[in-house]
Amino acid sequence: MNDFVARQSFYTDYVCGSLVKICVIGCGAIGTTIARAVDEMPDIDTTYLTDRSQECATRLQERTKKVKYIPDIVPVLPEIRLVVEAASQDAARYYAPLTLSAGVDILLMSVGVFQDEEFQSDAFRLAKRKSAKIFIPSGAIGGVDALSAASLDSMDEVTLTTTKPPSAFGPSAYLEAKGIVPADIRVRTEIFHGSAREAVKHFPQNINVAATISLAGIGFEKTMIRIVCDPQVKTNEHNLKAKGKFGELDVVTRNVPSPRNPKTSYLAALSAISAIKKIAGQTWVGI
Ligand SMILES: NC(=O)c1ccc[n+]([C@@H]2O[C@H](COP(=O)([O-])OP(=O)(O)OC[C@H]3O[C@@H](n4cnc5c(N)ncnc54)[C@H](O)[C@@H]3O)[C@@H](O)[C@H]2O)c1
């Protein structure tokens, strides 16, 4: 099947209401929540699931109706309509080119991978050549839709202040080099201030939202990020501010951490589920 015919059949499947198969990479906090939600989505009949931990994937298969563990996605790519990456930047680097080369759409949660300019331009070019789409959900932050629209005209600044409790920070070479141990922090402390590109490089698991707003707005160099560690907070808070010809934006999102992974906000998983519903459905509010 050539790419054009594959795309036609993809949309015919959706429009005619045929059941579609998707593949989820990762059975952690986000992947598990997605797999459970897809179980209740009538438009999707199979969720192939892969993870480098076979044990985790087979356990999830046993607890769900539509999940089928697969050790390798290559054999099933021709029948898959959407790949959902919810694993890691390494996984995004491996699965995005593989999926796009097959002309299949991919939804990426490990958005930080796009701070690598070469990866970004290769992936965007490949998607265009293969008529496949790259979907980047708003994830753990509100206001991405407005920022994306506002950035069509001139912007003066985009800043993000992210405040998290010490438990949200994993091992970090950057913090080690600065002699900062989040677990020892007793008062609200700014632990990073710089460009989104630097933020994503130094905090790859914590600051995917910095990558998302950079892609939606004015890019990785001009978007400025502050990361604050505060032992008094229980939520992962993102304050997105923007100024430009459109006016001003000031959005605060206070996220409840996922019970499975305190580094991840529950809203991130809900955002992926909402995106899958939009992709598989006929109505798209907030596009
Ligand atoms: N876009 C956002 O707003 C947002 C928000 C939170 C998290 N994230 C990102 O989403 C991803 C998933 O988050 P999570 O909380 O579910 O993580 P998690 O650590 O709970 O689970 C990740 C799972 O993926 C598997 N995995 C990792 N690399 C893999 C690979 N190369 N091949 C196969 N399996 C692999 C792991 O074994 C694990 O089961 C992370 O990269 C995280 O940084 C994005």
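## About the model

The model is predicted: local features need pLDDT of at least 70, side-chain atom pairs count only at pLDDT 80 or more, and totals for chains, interfaces and linings use all residues. Residues are numbered from 1 along each chain as its sequence is written, and side-chain values use heavy atoms, with hydrogens and water left out.

## Thr 46 in strand 2

Let's start with Thr 46, which sits in strand 2, residues 44-50. Strands here are DSSP runs of E with at least two residues, helices are runs of H or I with at least four, and both are numbered from the N terminus. Thr 46 is buried, at a relative accessible area of 6%. Buried stands for under 20% relative accessible area, exposed for over 50%, and partly exposed for in between (1.4 Å probe, protein chains only).

The side chains of Thr 46 and Asp 45 make a polar contact at 3.2 Å. Such a contact is a pair of N or O atoms within 3.5 Å; within protein, one must be able to donate a hydrogen and the other to accept it, and residues adjacent in sequence count only if both atoms are side-chain atoms. Not counting residues up to four places away in sequence, Thr 46 also touches Val 20, Lys 21, Ile 22, Lys 66 and Lys 68, where contact means heavy atoms within 4.5 Å.

## Val 84 in strand 4

Next comes Val 84, part of strand 4 (residues 82-85). Val 84 is buried, with a relative accessible area of 0%. Leaving aside neighbours within four places in sequence, its contacts are Ile 22, Cys 23, Val 24, Ile 25, Ile 34, Leu 107 and Ile 276. Lys 178 lies 94 residues from Val 84 in sequence and 36 Å away in space, C-alpha to C-alpha.

## Helix 10

Ile 276, a contact of Val 84, is also among the buried residues of helix 10, which include Ala 268, Ile 273 and Ile 279.

## Asn 239 in strand 10

Finally, look at Asn 239, in strand 10 (residues 236-244). Asn 239 counts as buried at 16% relative accessibility. A polar atom of the Asn 239 side chain lies 3.3 Å from the backbone oxygen of Val 251. Beyond four places in sequence, Asn 239 touches Thr 159, Leu 160, Thr 161, Asp 250, Val 251 and Val 252.
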